[in-house]
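This briefing is meant for someone opening the structure for the first time. Please look over the sequence and the model before reading the notes that follow.

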Amino acid sequence: MGKGKRKVPGLNQSSTADISFILLIFFLVTTSMDTDSGLPRRLPDWNPDEIEQEVKVKERNVMTVQVNKFNEIHVKNGVINRSIDISELKEIAKYFIANPDNNPDLPAFEDYEIEGYGVVQTTVKHVIALQTDRDTNYDVYFQVQHELTKAYSELRDEWAQKTFGKKYAQCDEKTEQPVVRGYYSNKISESEPRQYGTAQ
Amino acid sequence: MPELNTSSLPDLIFTVLFFFMMVTSMRDVTVNLEIKTPVGGSEIEKLERKSLVSHIYIGPPSKDYRATLGSAPRIQLNEFFATPDAVRDFVHAERESMFEKDKPFMKMSLKIDQNVHMGIVTDVKQELRKAKAQNVVYSATKDDKRK
């Protein structure tokens, strides 16, 4: 038996690579890098007493977008009252929300104080009422929502460009974006579905 | 010719391994529905902070279930098929499992098939309003080419 100076043999590490390869492959296979994406919305508060109460708003401030069970889109506001194609919806909505010509049949400009900015003249009281039938296709509903959202973001971009000299996305998240959002705030209201297209 | 030194190979592999371990989120729910979410354009936002998100699936049952359940759209919460009434309990259960500070920021991701009719969607939405889970996301696929 040798005394003392025996050399400890090195651990054979040649298989470490293989083991980690197996682990790697396992995680490669199980990984689903699905980043969920979608259209964020906030549903209105639930208040059982107010269901039947229609909030009284001046007629000029309301735009109704009806999607019936045949998936036809009908738009009604102060200047338009007809069935439209989805591709027209964005421009109609933008014209309605912004009311660039100060049309007396479209939403009125009113003083509105934006916190941290001051009082502005904007169509703060406008409402877009989105009505669907129980048989409306979800995809059509989604595309309508998408177009309306796009109308808002394009208006926000335009106003942010005019006011802050940059697009909405480039504006400061804490200070500037809330101002822009306040100027053109999202006023899409979704009412209960009714039976349109049938006897009313 | 000298042999290639492979002693750092395990380290390399481990680095890649750790990366995948980090980004992996084990799919905890098997969806028994056939869902093709709508396609949107510029307005589609990525969902951040997955821990705040709960999913509600609505769509026709997948092939294996069609024999027993038919092809009418169903709601799936976690592993189970459910009726709209169950949504409220589901929301409460999901909310209970969250950290106190995160509760107000809870988001419901609605994964709904394109061809579902609005009736069932509205029922679910009403239940969500009753359950005070008003932050919803209409789950969709983003098409970058679309204007």
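Predicted model: local features only at pLDDT ≥ 70, side-chain atom pairs only at ≥ 80, totals over all residues.

Two strands count as paired if DSSP finds at least two bridges between them. With that in mind, strand β7 (residues 127–132) of chain A and β8(A) run parallel and are joined by 3 bridges, and A:A129 has A:S189 in β8(A) as its bridge partner.

- In chain A, 5 strands make up an open sheet with mixed pairing, and their order is β4-β3-β2-β7-β8.
- At the edges of this sheet stand β4 (81–84) and β8 (188–190) of chain A, each of which pairs on one side only.
- From one strand to the next, the twist averages 20°.
- Helix α3(A) lies across β2 (62–67), β3 (73–76), β7 and β8 of chain A, and its direction makes an angle of about 155° with β2(A).

**The contact between chains A and B**

- Chain A contributes 40 residues to the contact, while chain B contributes 45 residues.
- On the side of chain A that touches chain B, the elements giving two or more residues are α1 (16–30), β1 (37–42) and α3 (138–164) of chain A, and α3(A) gives the most, with 10 residues.
- Sorted by class, that side of chain A holds 16 nonpolar, 16 polar and 8 charged residues.

**The build of chain B**

- Chain B contains 4 helices and 8 strands, which follow one another along the sequence in the pattern α-β-β-β-α-β-β-α-β-α-β-β.
- The radius of gyration of chain B is 20 Å, well over the 15 Å that the globule rule gives for 147 residues, so chain B is more spread out than a compact globule.
- Taken along the principal axes, the box filled by the C-alpha atoms of chain B is roughly 75 × 40 × 40 Å.
- Of the 147 residues in chain B, 27% count as buried, and among its contacts between residues at least 6 apart in sequence, 78% join residues at least 24 apart.
- Helix α4 (residues 118–130) of chain B has 13 residues and reaches 18 Å from its first C-alpha to its last, which is close to the 18 Å expected at 1.5 Å a residue.

**Two residues with a positive phi**

- Most residues other than glycine have a negative phi.
- A:N102, although it is not a glycine, has a positive phi of about 50°, and its place is in the loop between α2 (86–98) and β5 (110–114) of chain A.
- A:N102 counts as exposed because it has 10 C-beta neighbours inside 10 Å, where the cut-off for exposed is 12 or fewer.
- B:K132, also a residue other than glycine, has a positive phi near 60°; B:K132 follows α4(B) and lies in the loop between α4 and β7 of chain B.
- B:K132 has 16 C-beta neighbours inside 10 Å and therefore counts as partly exposed.

Technical notes: Residues numbered from 1 in each chain as written. Chains lettered and ligands numbered in written order. Contact = placed C-beta atoms within 7 Å. Nonpolar A, V, L, I, M, F, W, Y, C, P; charged D, E, K, R; others polar. Rg over C-alpha atoms; globule rule 2.2 N^0.38 Å. Buried ≥ 20, exposed ≤ 12 C-beta atoms within 10 Å, placed from the backbone. Expected span 1.5 Å × (residues − 1). Axes fitted to C-alpha atoms, helices over the stretch in contact; angles between N-to-C directions.
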